[in-house]
Amino acid sequence: MLPFARRMHILKNAGPRLVQIALVTAVLTSASCWDQTPTLPSPSADNVPVMTESFNGTLSLGASKFYSFSTSIQGTVSASLIGLKEDGADSSAQLSVSIGAPSGIACSVAVGQIVTPGAGTVVSTTLPGGVYCVQVLDPGNLVSPGIFSITIAHPR
């Protein structure tokens, strides 16, 4: 064993160094924990509650109509042209169905396509929670004003 005076000398000189090492270790250890953000489980397609809304309207030749809706969480939004009538009879005229975001008194389109009524064609995209719209537009295929019906499925 070392004499008491020698041990005290070693501790006195090593003490500040040990304190520095301990502080650096503590800071590095806690800093690595600070960067960790808690992750919440993201909803899967199986457990996202879906709401289906219907939107009906009359479309003049070359005109468009849109319907706004909101979702609280991210998920798949889809729209389908269920039916179209011209002069009281079923019509197969193709219309443009699009999904986007409301912009003033219009719908700023993000994704869309030309669809045939009742053909089972669905326009679909994944969106975060927010306010969105579905637009129906006659690209020049109607021969008389059309009465249309669409369904919109989205997370609640």
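This is a predicted model: local features need pLDDT of at least 70, side-chain atom pairs count only at pLDDT 80 or more; totals for chains, interfaces and linings use all residues.
The protein chain holds one helix and nine strands. The chain has 156 residues, and 27% of them count as buried. Its accessible surface comes to about 9,800 Å², with 60% belonging to carbon and sulfur atoms. Contacts reach well along the sequence: among those between residues at least 6 apart, 79% join residues at least 24 apart.

Searching the whole structure gives three aromatic pairs. One of them joins phenylalanine 55 and phenylalanine 148 edge-to-face, with 5.4 Å from centre to centre and 75 degrees between the planes. Phenylalanine 55 sits in strand 1 (residues 50-59) and phenylalanine 148 in strand 9 (residues 146-155), so this pair ties together parts that are 93 residues apart in sequence. Both phenylalanine 55 and phenylalanine 148 are buried.

Another pair, between phenylalanine 69 and tyrosine 132, is tilted, with 6.4 Å centre to centre and 40 degrees between the planes. Here too, distant parts of the chain are linked: phenylalanine 69 belongs to strand 2 (residues 64-71) and tyrosine 132 to strand 8 (residues 130-137), 63 residues apart. Phenylalanine 69 has a relative accessible area of 5% and is therefore buried. Tyrosine 132 also counts as buried, because its relative accessibility is 11%, and the cut-off for buried is under 20%.

Finally, ring pairs bring Phe55 and Phe148 together with Tyr67 in a cluster.

How values were computed: Residues are numbered from 1 along each chain as its sequence is written. Side-chain values use heavy atoms; hydrogens and water are left out. Rings of Phe, Tyr and Trp (its six-membered ring) pair if their centres lie within 6.5 Å; planes under 30 degrees apart count as stacked, over 60 as edge-to-face and the rest as tilted. Helices (H or I, at least four residues) and strands (E, at least two) are DSSP runs, numbered from the N terminus. Buried means under 20% relative accessible area, exposed over 50%, partly exposed in between (1.4 Å probe, protein chains only). Contact means heavy atoms within 4.5 Å. Accessible areas come from the Shrake-Rupley method with a 1.4 Å probe; for residues, only the protein chains shown count as cover.
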